[in-house]
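The following exercises are to be worked through with the sequence and the 3D structure in view. Each task is followed by a solution in steps.

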Amino acid sequence: MNFFSLFKRNLLYKFKKKINVDQDGINYESLDKLFHYYGSDKANIFKKNNEKGHGFSKFYLNELDYLKPKKIKILEIGSFAGASAVAFSKYFKEAEIFCFDINISKIIYSSKRIKVYGLDINNEKKLLKTLHNINSFDIIIDDGSHNLSDILIGLKILFKFLNKGGHYIIEDYKHPEYYAYNRNINHILVDELLDNLIEKKIISSEILDEESQLYLQDNIKQIKKYKGNLVDSDICFIKKN
């Protein structure tokens, strides 16, 4: 992504009229209802076309519901229109939500508790500068491009900004297995990588050097994998020590 394209998208976002969800009166107690209402494909039924969504809401509840009353910081990579960010802000009422997306001009919602950043995670210098300004997170959700290289870059850089006991979530982590266009580098797939991290095996990788792999191995407490509603609905939760 070149500078001018990113700048144009950020400018479009700045002047775009958005829906202020702080004043919309929606206060569903169900995370799935919130996903559905705002149009996130994380819901069981995707509002846009009334077809099955990924059905990830039950897994989020299984792993994260204990955080509902707490003051937490959530980072979402790949926010698209901002639907899931809004749903999380409504469900985790004490949460501060941060959205990183390469094209924030598509975001249609706004909230005082949602902060939006237009950036490319492949720009490591800009990414690290932004991360250091925010400090750290309790939940990080990678719902970005699903390209294998981006999943690996995210894991390498972002996991270090996860608080102790925090959760790193990768949605659709098997896309590089299902779709050739997401397998954009010659590298083992995410499933196998996660198994190697648990088994503390070092692999050859052009993105994750030995130091990065050792850090992940030393700081991962648990990995849980779930299958959602669709053939390509896969999500994993990585808990930090």
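**Exercise 1: The cysteines**

Cys99 is buried, with a relative accessible area of 1%, where buried means under 20%, exposed over 50% and partly exposed in between (1.4 Å probe, protein chains only). The model is predicted: local features need pLDDT of at least 70, side-chain atom pairs count only at pLDDT 80 or more, and totals for chains, interfaces and linings use all residues. Residues are numbered from 1 along each chain as its sequence is written, and side-chain values use heavy atoms, with hydrogens and water left out.

Task: Determine how many disulfides the structure holds.

Step 1. A disulfide is a covalent bond between the sulfur atoms of two cysteines; the criterion is a pair of cysteine sulfur atoms within 2.5 Å.

Step 2. For Cys99, the nearest cysteine sulfur belongs to Cys236 and is 20 Å away. Cys236 is likewise in no disulfide, and is buried at 0% relative accessibility.

Step 3. The number of disulfides is 0.

**Exercise 2: The sheet**

Task: State in which order the strands form the open sheet, and which are the edge strands.

Step 1. Strands (E, at least two residues) and helices (H or I, at least four) are DSSP runs, numbered from the N terminus. Two strands pair if DSSP finds at least two bridges between them.

Step 2. The order of the 7 strands is E7-E5-E4-E8-E9-E11-E10, with mixed pairing. The edge strands, each pairing on one side only, are E7 (114–118) and E10 (220–227).

Step 3. Within this sheet, E4 (residues 73–77) and E8 (residues 137–142) run parallel and are joined by 4 bridges. Ile77 has Asp142 in E8 as its bridge partner.
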